[in-house]
Each structure stands twice: as C-alpha cells, then as structure tokens.
Amino acid sequence: MFTKILIANRGEIACRIIRTCRQFGIRTVAVYSDADAKAQHVKQADEAIHVGGSIPSESYLCGDKIIEAAKKTGAQAIHPGYGFLSENADFAEAVEAAGIRFIGPKANSMRKMGSKAGAKDLMSTHGVPVVPGYTGENQEPAYLFQEADRIQYPLMIKAAHGGGGKGMRIVRSSGEFLANLESCQREAKNAFGRDRVLLEKYIEQPRHIEIQVFADSHGNTIHLNERECSAQRRYQKVIEESPSPFLTGERRKQMGDAAVQAAKAIDYVNAGTVEFIVGADGDFYFMEINTRLQVEHPVTEMVTGLDLVEWQLRVASGEKLPLVQSEIQTKGHAIEVRLYAEDPEKNFLPGSGRLEKLHLPAPSKNVRIDAGVVEGDTVSIFYDPMIAKLIVWDEDRPRALAQLQ
C-alpha cells in the first residue's frame, strides 16, 4: 500500500479521499488554487501545494504543475477524483511516465472510450448490447437520411465526440431530419471542434441504470451491482439510488455480466462505471464507460458496506481485488441527493459568496454527509456549485425515502 498520495482535485471528493487515507495511515497532499487557499481539503490534508490561479485552466487542469507537486512532496501516486483531469488519458500517461502511479485505469483504456462511435462498435463486437443505429464514417446528409429511415423514428442525432448534452437532437419524423442534422453538426463543430455525428434509435420513457465495475491487474473483473440515475436535470444526475426499483434479479444479473464484459473489452483496471439506457420493456443498451470514480459511488458503499476508495488504492498499488463476485453482498436501500449553491429565483443559476448558515444532519448508520464546506466557508464562482451530498440508507426503499425526507 502507498504511504503518501497526492489528490489532484478539490471540494467534497478531495475531503472524501482524505478520509479513507487517514484510516490506513496514508499521508495526503492537497493541491489548491488562489480561490481555495482556505478550503477544507487544504486544511484536512497533511500537506498542501499551491498550483496556480483560480481559473481551473491555471491550476486544477495543469497536469505538469500537479505532477511537479507530486515529485516535490514524494507522493507515490495521484488520485484524480472526478472531473478536471480524471478522464484525461494524456495526464494519466504523463503521471506513469514520471514514475508515479495513477489511481485509475490505463491511458489506453480511456482512449478506447474517447469516441462514442468507436466505443459502440467495440462493445458490439464483444457481445455487449448497443442501441440500434449508425456509427459509420460516411457523413453525407443524403446517406445519413437513408440510414435514419432504416433505423426508423424516433431517433437521436448525437455528436460522436460530444458530452454534457451538447450536440444532441431528438427527431420524430423524416421531415424534421435534415434541419436537425445541420443544427446538430453546427453545434458539435462549435463545442468539440468536430462535426461527426452518429444516429441512434431513441428509447422512449428511458431509465438510466449504471453498473459499478472493478478490475485489478491480475485479470480479475467483477461488478458491485447497479445504481439508478434516471432523475436528471439538464442531462445531469440529481438523485441516485441502489438497488434500482425497476430491475428484476434476472435482469440485474444480465446487466452485471454485460458490464463485466464491457470492462474486459477495454482491458480495464481500477474503478469504473458502465452506463446503460433501459427501455420500458426492460431491454438495456450500452451508453458509455465512465473511467473514474463517480459522484454517486456512496450509494454503492452504503448497500455493500465496502469502501471503494480503499479498493482503488489497493488495486493501484498492485494488490488483487479484496473479494470475488460470489462474495459481493448487498443489504437495504440507499439514496443520494446533491446539495447545490444555487438561486431558485434566478432559474437555479449557481450562487456564490459566504455560507452564513449551513446546517447538515449528524452522520449515523442511516445518514452520511460528503461535504467540501462548513459554515463560514466561501463558495467560489470558479467551480461547480455542488457543495455536499446527502446519502441515506435503510432496510428498504420506503424507509430510505422517509429518512431522506
């Protein structure tokens, strides 16, 4: 196991990683920007290194500065958290090249997921269900129109190199196709520098269900069951729970097996999440693999009793997975909600300023708080407005909902 790691992140995820490291006697190094000089992750870490200005491009996105900080402090590994550089293959590669362990998958695995079209094709060849559609290189409007008729409506036009809900259009009839195609390509070009699109059958009344996977460098790959993340706002998850109230035991096994197959298809190591879209009939289709720890990982921890950051550290240090598939057990029901600094009177725009009053419930066996701030701290304009997460657990879903309320 490592004796010192650097956390290339901030806020609640940095504080959460520090908490596990403390339990195992691992020293932590925080990095911080000008705006975060007095932040909780800086106060809680054993050491802290200033890496630049308040804007992320001057600090948390500067891979060379972060690697230099790790070298300077003697950190043996870097944990990227989520967001910022966590899914940056070039950064992961540079960390390893510097003789430092990256607590996450290999760069090659990340790159295989970099293109939605390429990822779909790869999964299809490995027997993982994918949404019927077109992912080819012929981008002529007339040919795409022909493919759309083959797939049938409704369908989605999606930027092949996109994300965050940009470059996406739902088309419900052939008469709407060409205008939506042009609009989608233009948005994709502006947002991502490339206008290539793919076409997918649109799943009506979809559910968003993801499977937590874990793999080590000894050839072992398992899953830790599912999280349902269907409640979303502007394509961002806002409520997550485990287990899904929709899945049967048989469907859960099918999805778990498919997720393990997906991880193996890209030679995956460490923690990852295989995301599926699920139709009203229960059929499920591969969406993507998030090659990092997820914001909603605590609900999996609450129902399994496992510490996923501990597992990440063990796997990154070369150990085998602590458990095999048959040893994974779940109990009860967990739900997570995200707490944001936003102004509901201004269409929920991010808020900033001093937290004059912040009252969070006391932690217990039923209640967990993952926070990056305390009363009196300042919420900066420079970063995501999520300040904390509330996670509840109880014996079943009705009781968990009561706990949450």
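A: A salt bridge is counted when a side-chain nitrogen of Lys or Arg lies within 4 Å of a carboxyl oxygen of Asp or Glu. Side chains of opposite charge can pair when their charged atoms come close. This is a predicted model, in which local features need pLDDT of at least 70, side-chain atom pairs count only at pLDDT 80 or more, and totals for chains, interfaces and linings use all residues. Residues are numbered from 1 along each chain as its sequence is written, and side-chain values use heavy atoms, leaving out hydrogens and water.

Q: How many salt bridges does the rule give?
A: The count is 35 salt bridges.

Q: Which parts does the pair of Asp 370 and Arg 19 tie together?
A: Their side chains form a salt bridge at 3.0 Å, N to O. Asp 370 belongs to strand S19 (residues 367-371) and Arg 19 to helix H1 (residues 11-23), so the pair joins parts 351 residues apart in sequence. Helices (H or I, at least four residues) and strands (E, at least two) are DSSP runs, numbered from the N terminus.

Q: Is Asp 370 buried or exposed?
A: Buried means under 20% relative accessible area, exposed over 50%, and partly exposed in between (1.4 Å probe, protein chains only). Asp 370 is buried at 0%, while Arg 19 is partly exposed at 34%.

Q: What does Arg 111 form with Asp 90?
A: Arg 111 and Asp 90 form a salt bridge, with the closest N and O atoms 2.8 Å apart. Arg 111 is in helix H5 (residues 107-112) and Asp 90 in helix H4 (residues 89-97). Asp 90 is exposed, at 53%.
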